[in-house]
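Please open the model in your viewer and keep the selection tool at hand. The stops below are meant to be visited in order.

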Amino acid sequence: YLKISKLALAFAIIHSKPPGKSAKEYTEYLAKAVSEQDFGWKWKVEVLEAEVLRLRQELLLIRISPRFCLENRRQDTSAETLLGQESIKPTSYSSQLEDSGCDVCNDSAFDSLGIASDFHQSEHNVNTSKHWLERVPPLNLCHTSKEQSLAAPVHFLQRLLEIRNLSEGGILQADFSELENDSFTICNSVSQLLDGLTVFYNSPKFPAPSFLTEGVSVLISLINDTKLSNHVLKKCFKKIEEFKKTLIEIILRNRSVNRFQALHSVSQTLGLLGKNNILRSSLISLLLSEVRQFAEQLLQAHQVQSMYDITHYENIFLLCMILEQLLQNETEQSNISSSDYGGEEKIKFLKSLDQIILHLSDEFPLFSLYLWRVSVLLNSGQMQ
């Protein structure tokens, strides 16, 4: 049937081709016209899917807490005029770096992006969604930008967190069992948030846009919330794992001259993710694997006196610092059993570590020192 259909289509094209144009040229013209129509339909489908997700988000919030949504609906009406005016003049962000980015050892580099300080301020702020509503334009379905695509899931998740805070304080009644009945909405919202953060970490801007700061704060608050994290991690664990791997890749492959300030903010996000007990183990394994593989490659290059990737060597120190911090935090939490931390990667890391340090200590003393410090933490009493 397929062969007959293709043959019939070929005959139809040949029969209907205009004079002065070959069958091949006419076929290419038709293919281009069809592909343009497909692109238009794909864009329309994406717009409609975004609208469907927005409506599902609103419906889920109404099911969880009707009273909260009714109160916010009245505020939405009064804020629409202001938001419309703001959307006409979108905020422009400078793409220039503030400095060379060499000062990465001080946490002020991260604080200058606003992520760390805003995270602590918004962690227990019950007015978050109202504040966000007053300054973030609603999703424009005709001109969807990457800023708006990130703002949409952040807005929904912030309202969800606010309902959680109000219900915990006894101010509001909420039924979070509805999250089990609508896993699609929560999964897609978290996926949109992670994809949006990935886009901005791949192409950082300085100073950091406020919605990027809000996105990181919402993500961390979401996975650390005692009630919501069970729903999020259970349904979105694979996506969050992919996000962690992507952040590690961003750190390792970045070759920009002025890259250290941006990479420091990425490393801080990884560190915040690693504070979650469920995510910490896999993150430690990922970092151990990357550091071990680079150490083996560096040893091989040193033995045969060949060139090594100096940029990779500079970037690997950020992973070493994250790994050391996570292991230090783990050893301090004596009430949590961590005998399996690192698992197979821990065994591989420690197996040939002494030989690697012995051969690299003269040529690469700082890197060897980091390897030794990580090994001490892995071999400490709490990590046995």
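This is a predicted model: local features need pLDDT of at least 70, side-chain atom pairs count only at pLDDT 80 or more; totals for chains, interfaces and linings use all residues.

Residues are numbered from 1 along each chain as its sequence is written, and side-chain values use heavy atoms, with hydrogens and water left out.

Begin by selecting S65, which sits in the loop between α2 (23-64) and α3 (66-88). With 0% relative accessibility, S65 counts as buried (under 20% relative accessible area, with a 1.4 Å probe and protein chains only). Leaving aside residues up to four places away in sequence, S65 touches I163, L172, Q173 and A174, where touching means heavy atoms within 4.5 Å. If you display Q173 as well, you will find its backbone oxygen 3.4 Å from a polar atom of the S65 side chain.

Next, select helix α10 (residues 210-224) together with helix α12 (residues 260-274), whose axes come within 10 Å and cross at roughly 15 degrees. The two helices are therefore roughly parallel, a term for angles under 35 degrees. Here V216, L219, I220 and I223 of α10 meet T269, L272 and L273 of α12.

On the α10 side the contact is made by L219, L222, I223 and N224, and on the α11 side by L228, S229, V232, L233, I240 and F243.

Definitions and conventions
Axes are lines fitted to C-alpha atoms, for helices over the stretch in contact, and angles run from 0 to 180 degrees between N-to-C directions. Helices (H or I, at least four residues) and strands (E, at least two) are DSSP runs, numbered from the N terminus. Angles under 35 degrees count as roughly parallel, over 145 as roughly antiparallel, 65 to 115 as roughly perpendicular and the rest as oblique. Buried means under 20% relative accessible area, exposed over 50%, partly exposed in between (1.4 Å probe, protein chains only). A polar contact is a pair of N or O atoms within 3.5 Å; within protein, one must be able to donate a hydrogen and the other to accept it, and residues adjacent in sequence count only if both atoms are side-chain atoms.
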